[in-house]
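Here are my notes on this model, for someone opening it for the first time. Please read them with the structure in view.

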Amino acid sequence: MSVRGPQQVLELAKVSRTFGEGATAVAALRDVDLTIGAGEFVAVMGPSGSGKSSLLALAGGLDRPTSGGVFVESTPLAGLGLNELARLRRRAVGYVFQDFNLVPTLTAAENVALPLELDGTATKKARRQAADALRQVGIPELADRFMDQMSGGQQQRVAIARAVVGQRRLILADEPTGALDSTTGQGVMEVLRSRADAGAAVMLVTHEARHAAWADRVVFLRDGRIVDQATAMHDPTMLLAQAGL
Ligand SMILES: Nc1ncnc2c1ncn2[C@@H]1O[C@H](COP(=O)(O)OP(=O)(O)OP(=O)(O)O)[C@@H](O)[C@H]1O
């Protein structure tokens, strides 16, 4: 039985998620137990369809489990109404979506500042923090660009800046380097690592062992179950082989 302490940012307790019903039901996650503490960077790996994105969506309160509980900073998400859940997401959770989910009618800086402004931060302060986040991901000069004036890789970096802006305690990133070259991808890992070192809990879904090597712990999923967990990834390729991935 785990203890829900203040250092525990995310807890998934016996979480299952089934899509559909009857003969066509798909069990995306089965009885997953996972805890991520403050300052901890966890990578999630596994074959396509193993449940990685489903896990992230539940952790970020974008989806609800069929059974089991999700706790963010000890708050049970099941107990929150839609407005409370939205507020907690804006305040505590930074999410990098596979398809970015940026607002095309806003500039890069406005996109990054949006969650802070929606949460009541004064515009000036929000813009200052947005500029800082854009600097962290290496594109401070693109602050005034609209999304259709940016490449896919640049948009991906805006999405990452929006997830790490401010003081979010839980950062969830679903394959955040897909549109990036390897040097920029490495830069994104440095940003996620430094957020964890500053006390955030970070969960990264990745197919790339060299990115998982930045994590404190790697969780391997297969058919919706955690099949292995590894710490201190000195040789991620070997661990992948051990897990049969
Ligand atoms: N909205 C949905 N409706 C029905 N089935 C779904 C839905 N979302 C996910 N699934 C199913 O749940 C299982 C897990 O999917 P999920 O996207 O979480 O896997 P994944 O490991 O992230 O895959 P990938 O690496 O391809 O992104 C798959 O069988 C998928 O088809």
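1. Start with helix α3 (residues 108-118) and helix α5 (residues 152-164). Their axes come within 8 Å and cross at roughly 30°. That makes α3 roughly parallel to α5 (angles under 35 degrees count as such). Axes are lines fitted to C-alpha atoms, for helices over the stretch in contact, and angles run from 0 to 180 degrees between N-to-C directions. Helices are DSSP runs of H or I with at least four residues; strands are runs of E with at least two.

2. This is a predicted model: local features need pLDDT of at least 70, side-chain atom pairs count only at pLDDT 80 or more, and totals for chains, interfaces and linings use all residues. Residues are numbered from 1 along each chain as its sequence is written.

3. Which residues meet? Ala108, Asn111, Val112 and Pro115 in α3 meet Val158, Ala161 and Arg162 in α5. Contact requires C-beta atoms, placed from the backbone, within 7 Å.

4. Now the sheet. Six strands form an open sheet in the order β6-β7-β8-β3-β9-β10, with mixed pairing. Two strands pair if DSSP finds at least two bridges between them. The edges are β6 (93-96) and β10 (225-231), each pairing on one side only. Neighbouring strands are turned by 15° against each other on average, direction ignored.

5. Look inside the sheet. Strands β3 (residues 41-45) and β9 (residues 217-222) run parallel, joined by four bridges. Val42 has Arg217 in β9 as its bridge partner.

6. Finally, helix α6 (residues 182-197) lies across β3, β7 (170-174) and β8 (201-205). Helix α6 runs at about 150° to β8.

Note on methods
Angles under 35 degrees count as roughly parallel, over 145 as roughly antiparallel, 65 to 115 as roughly perpendicular and the rest as oblique. Two residues are in contact if their C-beta atoms, placed from the backbone, lie within 7 Å.
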